[in-house]
Amino acid sequence: MKYLISSLAAAFIIIVAAIFCHRQNNKIDITKHVVYGKNIVNGFKVVHLSDMHSKPFFKVVEKVKEIEPDVIMITGDYINDREKNKEKMLEIGRELLKTAPVFYITGNHERRLDDFNGLMNELKKIGFHVLLNDISEEIIKGNTITVLGLDENQANFKDYAARRNGTFKYKDMSPYFNELNKHSGFKIVLSHYPENFELVKENNYSQYDFDVQLSGHAHGGQFILPFAGPVFSPGQGLFPKYARGSFGTRPKLIVSRGLGNAEFPLRLFNHPEIIVLEIKRKQ
């Protein structure tokens, strides 16, 4: 009898733990931010997605359709470094495009692919605006929107070690920001790496003239602990500052906690996240 009770108790604990873990990885949070711009004629809505890591998360498509954005921004690690579920991810991309235009940049995972150029061509073919250190100027609801998509290519595992010991040399992205200065309208910068906004001393992006930077990569710290906050990011180490939320005013940084997982399979108190930006005219 005691064995039976112990077995039932163990089974109950396993089932509860499995339900808890599934919910942590699959319950999608919608986080809203309001950003004001002086060049806005009509307000518009941006959905920001990041770090799906080849997860065939069709629930994301349903949520995005409900939000009804005017434009969708994807900030890297859409497909992981083994091209897992590539066809399903391309199908998700096609479905997203039925709702709004999609602007996409690479993350560290795409940059590790042997057939990097082949994947970029496939994403372009389905209709993504693939930005590899490129600028795209669009008219959205009567507003001029200029998007700079950065391809920092900080993907090598040696790069992680160099950042940890302080010997990594960050790229000078100023030529692309100088080109951005030649454009008008509301300016959005897409960068996979949130730490590049301020933590990089000479080459930080916060010194430039634009409205908002959208980033991912940190996965919200993977675990978010009470009182301690986000636990770890590969680019920032323990207790990273730029793992979630918003920073600054103009330019403003908004960091997505991401939607999937990479090497570590479990999120903790850190649900997958879709970010919604309401872009409004500054009074």
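Predicted model: local features only at pLDDT ≥ 70, side-chain atom pairs only at ≥ 80, totals over all residues.
User: What order do the strands take in the six-strand open sheet?
Analyst: The order is S6-S7-S8-S9-S15-S14, and the pairing is mixed.

User: Which strands stand at the edges?
Analyst: S6 (134-140) and S14 do. Each has a single partner strand, so one side of each lacks a neighbour in the sheet. On average, neighbouring strands here are turned by 20° against each other, direction ignored.

User: What pairs with S15?
Analyst: Strand S9 (residues 212-215) runs parallel to S15, joined by four bridges. Strand S14 (residues 245-247) pairs with S15 in the antiparallel sense, over three bridges.

User: Which residues stand opposite Ile254?
Analyst: Leu214 stands opposite Ile254.

User: Which way do the side chains of S15 point?
Analyst: Lys252 and Ile254 point one way, Leu253 and Val255 the other. All of them are buried. In a regular strand, side chains alternate between the two faces of the sheet.

User: What about the hairpin of S14 and S15?
Analyst: Four residues lie between the strands. Gly248 takes a positive phi near 80° there.

User: And how do S7 and S8 pair?
Analyst: S7 (residues 143-149) and S8 (residues 186-190) pair in the parallel sense, over five bridges. Val147 stands opposite Ile188 in S8.

User: New topic. How many salt bridges does the structure hold?
Analyst: 13. One of them involves Arg250 and Asp211, with the closest N and O atoms 2.9 Å apart. This pair links distant parts of the chain, 39 residues apart. Arg250 is in the loop between S14 and S15, and Asp211 is in the loop between S8 and S9.

User: Is Asp211 buried or exposed?
Analyst: Buried, because its relative accessible area is 5% and the cut-off for buried is under 20%. Arg250 is partly exposed at 42%.

User: What does Asp151 form a salt bridge with?
Analyst: Arg111, with the closest N and O atoms 2.6 Å apart. Asp151 sits in the loop between S7 and helix H6 (157-165), Arg111 in helix H4 (residues 108-111). They are 40 residues apart. Asp151 is buried at 7%, while Arg111 is partly exposed at 25%.

User: And Lys98, what does its side chain meet?
Analyst: Glu95, in a salt bridge of 2.9 Å, N to O. Lys98 is exposed at 61%, whereas Glu95 is buried at 15%.

User: Last one. Where is Ser233, and what is it in contact with?
Analyst: Ser233 is in strand S12 (residues 232-233). Its relative accessible area is 0%, so Ser233 is buried. Leaving aside neighbours within four places in sequence, Ser233 is in contact with Ala218 and Pro240.

Technical notes
Residues numbered from 1 in each chain as written. Heavy atoms only, no water. Buried < 20%, exposed > 50% of the residue type's maximum accessible area, 1.4 Å probe, protein only. Helix = DSSP H or I, 4+ residues; strand = E, 2+ residues; numbered from the N terminus. Pairing = 2+ DSSP bridges. Contact = heavy atoms within 4.5 Å. Axes fitted to C-alpha atoms, helices over the stretch in contact; angles between N-to-C directions. Salt bridge = Lys/Arg side-chain N within 4 Å of Asp/Glu carboxyl O.
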